[in-house]
Amino acid sequence: MSVHVVRTSASTVTVSQDSGPIDRGYLRTVQAMLKVVQMVCLLIGFLCVQCSRWTDYTAYSYFVVVALYDLIVIFIFFVVYVFRVYRLMTCLSWPLAELIHYIIGTLLLFIASIVAITKSYGFSGLIAGGVFGLIVCVLCCVSMWSSYKVSFVTQSTSSTV
């Protein structure tokens, strides 16, 4: 009489799904979708400003520079997380770097959007670019909030000794 033993392991399923250069699990997360929407809105805002007539060169150039900066940096973070570069470059705290980028980038984009809207002189391209910039600011705040939730826990002051 022969006995057959069959062993199954969940790790083989995980390894087969984890193989490959692209992290498909990350692409389905809210963070990845927010980054894609941010990049699309920044690109639309950039194109609106770039293709419009403008009268104030400083408002135009400031918005273009800030929008391109944010677009490039968000794309870099997207690529880092999709291709798992953060596993290779452990010398940098990627969540902290992303948080610092979101804080600085959102503040600069908010200022650039307000300047573009106020200095638009009624040109719809600058107004639309500024509105898309403000939409990206809201999306960046949502992304920061969903990634870096801070929970406040109340502690009891009574001591039982």
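**Buried residues and a helix pair**

User: Why is E98 called buried?

Analyst: E98 has a relative accessibility of 4%. Buried means under 20% relative accessible area, exposed over 50% and partly exposed in between, with a 1.4 Å probe and protein chains only, so E98 counts as buried. This is a predicted model, where local features need pLDDT of at least 70 and side-chain atom pairs pLDDT 80 or more, while totals for chains, interfaces and linings use all residues. Numbering starts from 1 along each chain as its sequence is written, and side-chain values use heavy atoms, leaving out hydrogens and water.

User: Where is E98, and which residues is it in contact with?

Analyst: E98 sits in helix α6, residues 94-118 (helices are DSSP runs of H or I with at least four residues, numbered from the N terminus). Apart from neighbours within four places in sequence, E98 is in contact (heavy atoms within 4.5 Å) with K35, F77, Y81 and Y148.

User: What makes the pairing of E98 and K35 a polar contact?

Analyst: Their side chains are joined at 2.4 Å. A polar contact is a pair of N or O atoms within 3.5 Å; within protein, one must be able to donate a hydrogen and the other to accept it, and residues adjacent in sequence count only through side-chain atoms on both sides. The E98–K35 pair therefore qualifies.

User: How do you know that α3 and α4 are roughly antiparallel?

Analyst: The axes of α3 (residues 30-51) and α4 (residues 57-82) cross at roughly 155° and come within 9 Å. Axes are lines fitted to C-alpha atoms over the stretch in contact, with angles from 0 to 180 degrees between N-to-C directions. Under 35 degrees is roughly parallel, over 145 roughly antiparallel, 65 to 115 roughly perpendicular and the rest oblique, so this pair is roughly antiparallel. Among the residues making the contact are K35, M39 and F46 of α3, and F63, F77 and Y81 of α4.

User: Why is S52 called buried, and what lies by its side chain?

Analyst: With a relative accessible area of 15%, S52 falls on the buried side of the cut-off. S52 is in the loop between α3 and α4, and a polar atom of its side chain lies 3.1 Å from the backbone oxygen of V49. Beyond neighbours within four places in sequence, S52 is in contact with G125 and L126.

User: What makes the phi of R84 worth a look?

Analyst: Phi of R84 is near 60°, a positive value in a residue other than glycine. Most residues other than glycine have a negative phi. R84 lies in the loop between α4 and α5 (85-88), and its 8% relative accessibility means that R84 counts as buried.

Definitions and conventions. Helices (H or I, at least four residues) and strands (E, at least two) are DSSP runs, numbered from the N terminus.
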